[in-house]
Amino acid sequence: MHGIRRVLSRRTVWLGVLAGACTAALSGCGFALRGAPKFAFESVRLQGSESTPVARELRRALAGAGLRVFTSETPMSPEGDNGQVVMTVLSDQREKTVVGQTAAGQVREMQLRTRFKFRLATATGKSLLDDTELLLERDISFTETAVLAKEAEEALLFRNMQSDIVQQVMRRLAAVEVL
């Protein structure tokens, strides 16, 4: 019994040393979790196709990051704070194309695409980001016997692509040096 405790004690010590070594190695290599983005501006005005699904999620993400977000529904302020930067949503499209068929002409595979195009400028019109298009594609198999399940899978894939695009836009906006 006493020998088992000694073995467990040594094992616990070695596991502690190993965990400490891993922590030191990870902190020494520069590894860090991605934190909340820091922006060079405090307010943004969304305009253009702002009622699309990606634009709505982007508006929520920007507000959640602590920015003041103005839209066309927000009346223009006479004091001049109508957004330090203006983000124009040029297009937000969802596409579905057939990429695979059986010999009988039945659909077997489809490709889903989400295309989001925007530009960013200062309130005075100076371009910060030229027209930028983000395109995500996902392949999905299809079978007529599970149409409802495939529709639900398609909706889930579109939502995931939408969230990915919003995160990409947020990272691009955080990299912009404005004023």
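Predicted model: local features only at pLDDT ≥ 70, side-chain atom pairs only at ≥ 80, totals over all residues.
Buried residues account for 32% of the 179 residues. The chain exposes about 11300 Å², of which carbon and sulfur atoms supply 55%. Among contacts between residues at least 6 apart in sequence, 67% join residues at least 24 apart.

The 5 strands form an open sheet with mixed pairing, in the order 2-1-3-4-5. Strand 2 (68–70) and strand 5 are the edge strands, each pairing on one side only. On average, neighbouring strands of the sheet are turned by 25° against each other, direction ignored. Strand 1 and strand 2 run parallel and are joined by 3 bridges; serine 43 has arginine 68 in strand 2 as its bridge partner.

Two of the helices are considered next in relation to the sheet. Helix 2 packs on the sheet and touches strand 1, strand 2, strand 3 and strand 4. The direction of helix 2 makes about 135° with that of strand 3. Helix 3 lies across strand 3, strand 4 and strand 5, and runs at about 155° to strand 5.

The largest nonpolar core contains 33 residues, of which Leu58, Leu62, Met87, Phe116, Leu120, Val169 and Leu173 touch the most other members. At least two residues of this core are supplied by each of strand 1 (43–48), helix 2 (53–64), strand 3 (85–101), strand 4 (107–122), strand 5 (127–141) and helix 3 (147–175). Helix 3 provides the largest share, 8 residues. Leaving aside residues up to four places away in sequence, leucine 173 touches Phe39, Phe41, Leu62, Met87, Leu120 and Leu129.

Notes. Residues numbered from 1 in each chain as written. Heavy atoms only, no water. Core = buried A, V, L, I, M, F, W, Y, C linked by side-chain atoms within 4.5 Å. Buried < 20%, exposed > 50% of the residue type's maximum accessible area, 1.4 Å probe, protein only. Helix = DSSP H or I, 4+ residues; strand = E, 2+ residues; numbered from the N terminus. Contact = heavy atoms within 4.5 Å. Areas by Shrake-Rupley, 256 points an atom, 1.4 Å probe, with all protein chains shown as cover. Pairing = 2+ DSSP bridges. Axes fitted to C-alpha atoms, helices over the stretch in contact; angles between N-to-C directions.
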